[in-house]
Amino acid sequence: RIKEQVIQALGKPTDLRTVQVRKVWKDHYRVNIYVGSSAVSVRISNSYLLKVDGDGSLIAAMPPITKQY
């Protein structure tokens with residue numbers, strides 16, 4: 001659910017490889033967006049620290065998520 005909300009807010013990069021979501025503590029997550037046209041060119045294009053509510057809905061993002069794609 002977190003992954004879907006981030007991609008919806010950000011837009012989907014054309015060369016998206018994966019979206020990594022990792023719990024940092026109680027209601028905070030680190031989200032990294034990996035892009036690259038091949039396995040050797042993969043890089044993190046966007047990274048966010050998110051706060052979510054008990055249902056997994058996005059409350060806040062640092063930095064703020066803006067539509068880029």
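Select Asn 46 and the residues around it. Leaving aside its neighbours within four places in sequence, Asn 46 is in contact (heavy atoms within 4.5 Å) with Leu 10, Val 31, Asn 32, Ile 33, Gln 68 and Tyr 69. This is a predicted model, in which local features need pLDDT of at least 70 and side-chain atom pairs count only at pLDDT 80 or more, while totals for chains, interfaces and linings use all residues. Residues are numbered from 1 along each chain as its sequence is written, and side-chain values use heavy atoms, with hydrogens and water left out.

Stay on Asn 46 and show its side chain. A polar contact links it to the side chain of Ser 45, at 2.7 Å. Such a contact is a pair of N or O atoms within 3.5 Å; within protein, one must be able to donate a hydrogen and the other to accept it, and residues adjacent in sequence count only if both atoms are side-chain atoms.

Is Asn 46 buried or exposed? Asn 46 has a relative accessible area of 7%, so it counts as buried. Buried means under 20% relative accessible area, exposed over 50%, and partly exposed in between, with a 1.4 Å probe and protein chains only.

Now colour strand S3, residues 43-52, which holds Asn 46. Strands (E, at least two residues) and helices (H or I, at least four) are DSSP runs, numbered from the N terminus.

Next, select Asp 55. Asp 55 sits in the loop between S3 and strand S4 (58-62). With 63% relative accessibility, Asp 55 is exposed.

Move on to Pro 63, in the segment after S4. Show the backbone here: the peptide bond joining Met 62 and Pro 63 is cis, with omega about -5°.

Finally, zoom out to the whole chain. One helix and four strands make up its list of elements, in the order α-β-β-β-β along the sequence. The radius of gyration of the chain, taken over C-alpha atoms, is 12 Å, close to the 11 Å that the globule rule gives for 69 residues, so the chain is as compact as a globular protein of that length. That rule is 2.2 Å times the number of residues to the power 0.38. Along the principal axes, the C-alpha atoms fill a box of roughly 35 × 20 × 20 Å. Of the 69 residues, 32% count as buried.
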